[in-house]
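This report goes through pockets, surface, backbone and charged pairs in turn. The sequence and the model are shown first.

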Amino acid sequence: IQPGQIWTGFFEIEEELKKQYRKEGRKSSLYIYNLFTKEKTLVAETEEPLWWFESEWISDTELEYKMPDGEKRIYRLNF
């Protein structure tokens with residue numbers, strides 16, 4: 001999940017929101033949420049407001065996501 005993530009469909013509006021959110025110190029966060037335990041685990045965070053991590057499960061235990069600098073990372077579930 002990505003709390004606070006919005007998409008307007010308009011570049012100009014999103015740029016204004018990013019500018020406002022930077023002033024407010026807002027960040028973008030990526031979490032994994034366990035439906036059974038209701039536990040929320042932080043996977044990644046960035047200072048870039050409205051960043052979409054392009055997350056994708058690549059296996060049953062690995063979540064791949066992208067950071068603003070283009071780096072792809074993998075989060076592995078530990079059971």
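## Pockets

A pocket is an open set of grid points with protein on both sides within 12 Å along at least five of seven lines, and a volume is the space filled by probe spheres set on the points. The model is predicted. Its largest pocket holds about 300 Å³ of space. The lining comprises 13 residues, and those nearest the centre are Ile32, Tyr33, Asn34, Leu77 and Phe79. By class, eight residues of this lining are nonpolar, three polar and two charged.

The second largest pocket holds about 160 Å³. Residues that line the second largest pocket include Gln5, Ile6, Trp7 and Phe11, together with Glu14, Glu15 and Lys18. Glu48, Pro49, Leu50 and Trp51 also belong to this lining. Here six residues are nonpolar, one is polar and four are charged.

## Nonpolar surface patch

Ile1, Tyr33, Leu35 and Phe36 make up a nonpolar patch on the surface, and their accessible area together is about 520 Å². Leu35 sits in the loop that runs between strand E1 (28-33) and strand E2 (40-46). Its relative accessible area is 64%, so Leu35 is exposed.

## Backbone

Most residues other than glycine have a negative phi. Leu50 has a positive phi, near 65°, and is found in the loop between E2 and strand E3 (56-57). Leu50 counts as buried because its relative accessibility is 13%, where the cut-off for buried is under 20%. This residue is also part of the lining of the second largest pocket.

Glu54 likewise has a positive phi, near 50°. Glu54 is placed in the loop between E2 and E3. With 36% relative accessibility, Glu54 counts as partly exposed.

Thr8 belongs to the segment before helix H1 (11-24) and is partly exposed, at a relative accessible area of 24%. Between the C-alpha atoms of Thr8 and Leu30 the separation is 19 Å, and the two residues are 22 apart along the chain.

## Salt bridges

Side chains of opposite charge can pair when their charged atoms come close. The whole structure contains eight salt bridges. In one of them, the side chains of Arg22 and Glu48 meet at 2.8 Å, N to O. This pair links distant parts of the chain, with Arg22 in helix H1 and Glu48 in the loop between E2 and E3, 26 residues apart. Arg22 has a relative accessible area of 44% and is partly exposed. Glu48, at 24% relative accessibility, counts as partly exposed.

Lys27 forms a salt bridge with Glu45, and their closest N and O atoms are 3.9 Å apart. This pair too links distant parts of the chain: Lys27 lies in the loop between H1 and E1, and Glu45 in strand E2, 18 residues apart. Lys27 is partly exposed, at 42% relative accessible area, and Glu45 is partly exposed at 39%. Lys27 and Glu45 are linked with Glu47 in a network of salt bridges. Another salt bridge joins Arg73 to Glu71, with 3.3 Å between the closest N and O atoms. Arg73 is partly exposed, with a relative accessible area of 31%, and Glu71 counts as partly exposed at 37% relative accessibility.

Terms used. Residues are numbered from 1 along each chain as its sequence is written. This is a predicted model: local features need pLDDT of at least 70, side-chain atom pairs count only at pLDDT 80 or more; totals for chains, interfaces and linings use all residues. Side-chain values use heavy atoms; hydrogens and water are left out. On a 1 Å grid over the protein atoms alone, a cavity is a set of points where a 1.4 Å probe fits but cannot get out, and a pocket is an open set with protein on both sides within 12 Å along at least five of seven lines; lining residues have an atom within 4 Å of a point. Ala, Val, Leu, Ile, Met, Phe, Trp, Tyr, Cys and Pro count as nonpolar, Asp, Glu, Lys and Arg as charged, and the others, Gly among them, as polar. Patches are made of residues with over 30% relative accessible area and no salt bridge: like charges are joined within 9 Å, nonpolar side chains (Val, Leu, Ile, Met, Phe, Trp, Tyr) within 5 Å. Accessible areas come from the Shrake-Rupley method with a 1.4 Å probe; for residues, only the protein chains shown count as cover. A salt bridge is a side-chain nitrogen of Lys or Arg within 4 Å of a carboxyl oxygen of Asp or Glu. Helices (H or I, at least four residues) and strands (E, at least two) are DSSP runs, numbered from the N terminus. Buried means under 20% relative accessible area, exposed over 50%, partly exposed in between (1.4 Å probe, protein chains only).
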